[in-house]
Amino acid sequence: MSAESWWKSAVVYQIYPRSFADSNGDGVGDLRGILAKLDYLQHLGVDVLWLSPVYKSPQDDNGYDISDYEDIDPVFGTLADIDELISAVHARGMRLVMDLVVNHSSDEHPWFLESRASRDNPKRDWYWWRPARDGFEPGAPGAEPTNWRAYFSGSAWEFDSTTGEYFLHQFTRRQPDLNWENPDVRRAVYDMMNRWIERGVDGFRMDVINLLSKTEPFTDGHMYFAMANGPRMHEFLQEMNRQVLAGKGLITVGEMPGVTVEQAEHYTDPARHELNMVFTFEHMHLDAVPGEPKWSPRPLPLVELKANLAKWQTGIVNGWNSLYWNNHDQPRSVSRWGNDREYRVQSAKAWATVLHLMRGTPYVYQGEEIGMTNFPFTSFEQFRDVESLNWIAEARAKGVDDPTIMNSLRARSRDNSRTPMQWDDSRHAGFTTGDPWITVNPNHAKVNAAAAVADPESVFHHYRRLIELRHTMPIVVAGDFQLLVAEDPKLFAYLRTSDDERMLVVANMSNVEVRFAVPDDFSGGEVLVGTLSETLAPWQSYALYASAHG
Ligand code: TEU
């Protein structure tokens, strides 16, 4: 593997700064809080830290609505703080990745303020403006240019009375979509990215990057299909690669709702000079009722999940993929797919084992490494996320009863993963000395980093071992993937193979004992992680290593 693709053997840790560590007692995490926790992250062994957005923002979507791409929001600190953080991360041999949110800006960004000021403003064309539907009074019910729904409820069009037209927003009405057809927009974004690289950042996680190129003309239909992977996507990414990314040894990961295996292969094939890897979504939708939004949960069909992952494992050949169960948009995997009651530690380890030993670059979301769980929400007042709040309003308006809404939020709200990092068993889990912006999970008395670090059998030490295996075992990075027992609804097992090495990964993803006979050619193999036995206890997992020639 060339030095250029160092990220193939790296593990990335995602920090959601607002909920990680608060240094100044205002109840919101900040950059100096992160600075104080670098020893912990180094002990875990991760290579790269990805920060969710810390730029200046009205915080309508917790920073994914940016009003100044080149400044830090005061709630998180200052430019001097980010410079200090970059240096401190580098001094420890780690790298720092920034979130890049350029499908849309905040409606408070000066570009948008100009764009909305008049129809002939030079920046009018930096966003997507459209007149009312033919025959409708602008602003009247049903006059939106198309029937598209935003990701976070309501129409994707917002009427602006200043000029009597509508602007497009795929997310909240405070996140207008930028017009990437306009070369000045692209130039401004590339210049901004280059200045961050000069500041020392090592790469970008690119928010909904496959939505940049829109398919015109805009017509009624399904926005998600009309807007993802538009006709100029590859051209834009190749241009960005030439003007910003090429030859700098960076790491780039594009978040891509609606991407297929074939498209992902194109986005990440090094010969095409676009991105290193993508975040895919198919495996995140399998536990929703087919055809329904995420708010209709169903139990995870393990057989379908395995088939889906196997398709991605073998379908990306020249390119590369990322591996994740958790991030700031998803509920906690140990509650979602594991058992956060009797088998919290065991099931967190089982999911980690099967994720980290696949082909791809694993991402660990803060708190995942100590087995943090969903929050036991009991009232609507406890929610902060704009997506959840909009869903409550939309569902109530549709006549859904409150207990049903509450059940869907408990299962699916993004706030499940946004409660503060649990550092210790003290008040507010050591996250803040003030009043936290969102409630700390009461289970922090038991589930916390201090306890996990002190216990050699903890989830934390299991992650350390898995990360170490990726760094030291070539087969983890480079081996081919082959799914085993595909139809078994309880076992998750696979092989990784190369010319001279073999690895067997087995996990019982259930609450009952299951038998799995170790294949003969692994007898006498070395246990790399976990505990080997032919009868697996609930959520028991292990990996076994053998050289190819016995
Ligand atoms: O998420 C994009 C995305 O696809 C989400 O809308 C996802 O489907 C949803 O959160 C599941 O509930 C990115 C960011 O990760 C997210 O935090 C932002 O809110 C969104 O873009 C807009 O920037």
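## The ligand and its surroundings

An oxygen atom of the ligand is 2.5 Å from an N or O atom in the side chain of Asp61. For Glu387, a polar side-chain atom lies 2.9 Å from an oxygen atom of the ligand. On its own the ligand has 490 Å² of accessible area, and the protein covers 95% of this. The model that shows these contacts is predicted.

In total, 19 residues surround the ligand. The closest are Asp61, Asp207, Lys294, His328 and Asp329.

## The parallel sheet

Eight strands make up an open sheet with parallel pairing; the 8 strands run in the order β11-β10-β9-β5-β2-β1-β13-β12. At the edges are β11 (277–279) and β12, each of which pairs on one side only.

Inside that order, strand β5 (residues 95–100) pairs with β9 in the parallel sense, over 3 bridges. Across this pair, Met98 stands opposite Phe204 in β9.

## The loop between β9 and α6

The loop between β9 (203–206) and α6 (223–227) contains Pro217. The peptide bond that joins Glu216 to Pro217 is cis, with omega at about -5°.

Val208 is found in the loop between β9 and α6 as well. Its phi is near 30°, a positive value in a residue other than glycine. Is Val208 buried or exposed? Val208 has 4% relative accessibility, so it counts as buried, the cut-off being under 20% relative accessible area.

## Helix α5

Helix α5 covers residues 183–199, which is 17 residues. At 1.5 Å a residue the helix should span 24 Å, and its end C-alpha atoms are 25 Å apart, which agrees. The expected figure is 1.5 Å times one less than the number of residues.

At the N-terminal end, α5 is capped by Asn182, which has a side-chain oxygen 2.8 Å from the backbone nitrogen of Asp184. Just after the helix comes Gly200, with a positive phi of about 115°. The buried residues of α5 are Val185, Arg186, Ala188, Val189, Tyr190, Met192, Met193, Asn194, Trp196 and Ile197.

Asn326 is found in the loop between β12 (322–323) and α10 (333–336). Its relative accessibility is 3%, so Asn326 counts as buried.

Which side chains form polar contacts with that of Asn326? One is Ser333, at 2.8 Å. Another is Glu368, where the polar contact is 3.4 Å. Leaving aside residues up to four places away in sequence, Asn326 touches Pro331, Arg332, Ser333, Tyr365 and Glu368.

## Ala429

Ala429 is found in the loop between α13 (402–412) and α14 (449–454). Its phi is positive, at about 60°, although Ala429 is not a glycine. With a relative accessible area of 0%, Ala429 is buried.

## Strand β16 and its two partners

Strand β16 covers residues 501–508 and is mostly covered, with 8 of its 8 residues buried. Glu501, Met503, Val505 and Ala507 point one way from β16. Arg502, Leu504, Val506 and Asn508 point the other way, and the residues on both sides are buried.

What pairs with β16? One partner is strand β15 (residues 491–497), which pairs with β16 in the antiparallel sense over 7 bridges. A hairpin joins β15 to β16 through 3 residues. Within this pairing, Val506 in β16 is the bridge partner of Ala493.

Strand β20 (residues 541–547) is another partner of β16, and this pairing is antiparallel over 7 bridges. Here the bridge partner of Val505 is Ala543 in β20. Val505 and Val506 point opposite ways from β16.

Note on methods:
Residues numbered from 1 in each chain as written. Predicted model: local features only at pLDDT ≥ 70, side-chain atom pairs only at ≥ 80, totals over all residues. Heavy atoms only, no water. Buried < 20%, exposed > 50% of the residue type's maximum accessible area, 1.4 Å probe, protein only. Helix = DSSP H or I, 4+ residues; strand = E, 2+ residues; numbered from the N terminus. Pairing = 2+ DSSP bridges. Polar contact = N/O pair within 3.5 Å; in protein donor to acceptor, adjacent residues only side chain to side chain. Contact = heavy atoms within 4.5 Å. Near = heavy atom within 4 Å. Areas by Shrake-Rupley, 256 points an atom, 1.4 Å probe, with all protein chains shown as cover.
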